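Have a look at the model first, and then walk through the notes below.

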Amino acid sequence: MFVLAKGGEPLMPCHPARARELLDNGRAVVARRAPFTIRLKHRTRAGSTVEGVQLRLDPGSKATGIAITDELHRIGPKGETAVARRGLITIELRHRGQQIHAGMMRRAGYRRRRRSANLRYRARRHDNRSRPDGWLPPSLRHRIDSTMSLVVRLSRYAPVAEIHVEQVAFDTTAFAGVASSGTQGTLESTHAGSEIREFLLAKWNRSCVYCDATGVPLNIEHVRPRSRGGSDRVTNLVLSCVPCNQAKGTTRIEEFLSDRPDRLESVITQLRSPLQDVAAMNATRLQLVEVLATHGVPVRAWSGGRTCWNRFAMGLPKSHTLDALSTGVIDHERGDTIVRVPAQILVVASTGRGSYARTTPDRFGFPRLQRPRGKVHHGYSTGDLVAAVVPRGKWVGNWVGRIAVRTSGQHRITTLTSRFDVSHRNLRLLQRADGYAYGFAEEIRLNEQRGAAYSGRTLKGGDPGNV
Ligand SMILES: [Zn+2]
């Protein structure tokens, strides 16, 4: 739970049980419902010890994992100081890139219809329009903007001292040279090996290149066999299922695929364009780091392979929040560990703030109904968090939920379990709409997948990834 000092400055977050105790004793008040924040009545920031917390981010296309951590320094097994990382609060920020994309396509459709219906004789405008440097499509831009917006908000509720962000899916410098040989050895070579695995899984779509099998264990396969002088470079590596791998053995790929020339050509082409997809995938993340750097807190960027390796070494399953928790340096040789993983995730879903459109069209694009000009009706707007007291009828009782407003004043409330209409007279405002919907989800149970990850060179092909 987030904690604020008397003057509203952020203090170190506390355990929910502690927050309940402080509220029951009357030593704190609720400052904000979602994310839940309390303000201490008597404690000032100057009178408290604030070590600061780290904000760790794992950006993804549909959701971004965020973990707020602190670090305890202990004496490790070798007598050195080791760091124990504690996950204090984990957040999953859900993006709405899909809705934005659909909205843009819809608008383009209307414009195309207007152009052909009303302006068909107008001369074409000279194509002199250009896009500024660093332009991103709105659906991708939104990912960066909403992440930055949440980081700024969280800095108001917690004393963020540094930001760690997974910047690139793959650290391409890690496997510029020889890297695939074995997983034994030092941290760095193992780290590079796991980076290669993730890269190959993404590049070959988590399937066998010869038979397209998915969800089966996949082997790293040398296109030109090592016995024939093939190298360990990524440009010589593909993924294949165990039967295909054994069938190919040490034959050359041209012989093995001699009866399937189409397949041979596609494999060879894909093999030669190793890093283009990666660059596209990394573009958004690079911009995110640039934007975060303007926040005035030190920002450190890490590769996805390192996160993956940390998470695997800590025996954690894959989720956005656990990836976020594993971002950054964990020196395994020194004895660094992750000692606490929150069981509950705060889910923050981007909802937007309504639409500028003045009419709702039917499925052919003709106006179906007019929308009201204002957003506020009888003191409330859509997305407000309210408490409702219903005096009689089927829904009699006290409720808390979000509302969608109507001009009639019969607003629709959505609670955890139900949805019904309630008069604005029976509502009390708890928190204004801020463009996000808040909820909770359980973290993946930690023991479920412990030890089930890959060993040696065999990979789990079914891992969905989160790029
Ligand atoms: Zn196969």
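**Strands, cores and a covered helix**

Strands S16 (residues 385–390) and S17 (residues 397–404) pair in the antiparallel sense over six bridges; pairing requires that DSSP finds at least two bridges between two strands. This is a predicted model, in which local features need pLDDT of at least 70, side-chain atom pairs count only at pLDDT 80 or more, and totals for chains, interfaces and linings use all residues. Residues are numbered from 1 along each chain as its sequence is written.

**The sheet**
- Val-390 has Gly-397 of S17 as its bridge partner.
- Five strands form an open sheet in the order S19-S18-S17-S16-S20, with antiparallel pairing.
- Strands S19 (419–423) and S20 (427–431) stand at the edges with a single partner strand each, so one side of each has no neighbour in the sheet.

Strands (E, at least two residues) and helices (H or I, at least four) are DSSP runs, numbered from the N terminus.

**The cores**
- The largest nonpolar core has 42 residues, and Leu-55, Ile-66 and Val-165 are among those with the most contacts inside it.
- Helix H3 (residues 138–157) gives the most to this core, with five residues.
- Apart from it lies another core of 14 residues, including Ile-196 and Tyr-210.

A nonpolar core is a set of buried Ala, Val, Leu, Ile, Met, Phe, Trp, Tyr and Cys residues joined through C-beta atoms within 7 Å. Buried means 20 or more other C-beta atoms within 10 Å of the residue's own, exposed 12 or fewer, and partly exposed in between, with C-beta atoms placed from the backbone.

**Helix H9**
- Eight of the ten residues of H9 (residues 304–313) are buried, among them Trp-309 and Arg-311.
- Gly-315 follows H9 and has a positive phi, near 70°.
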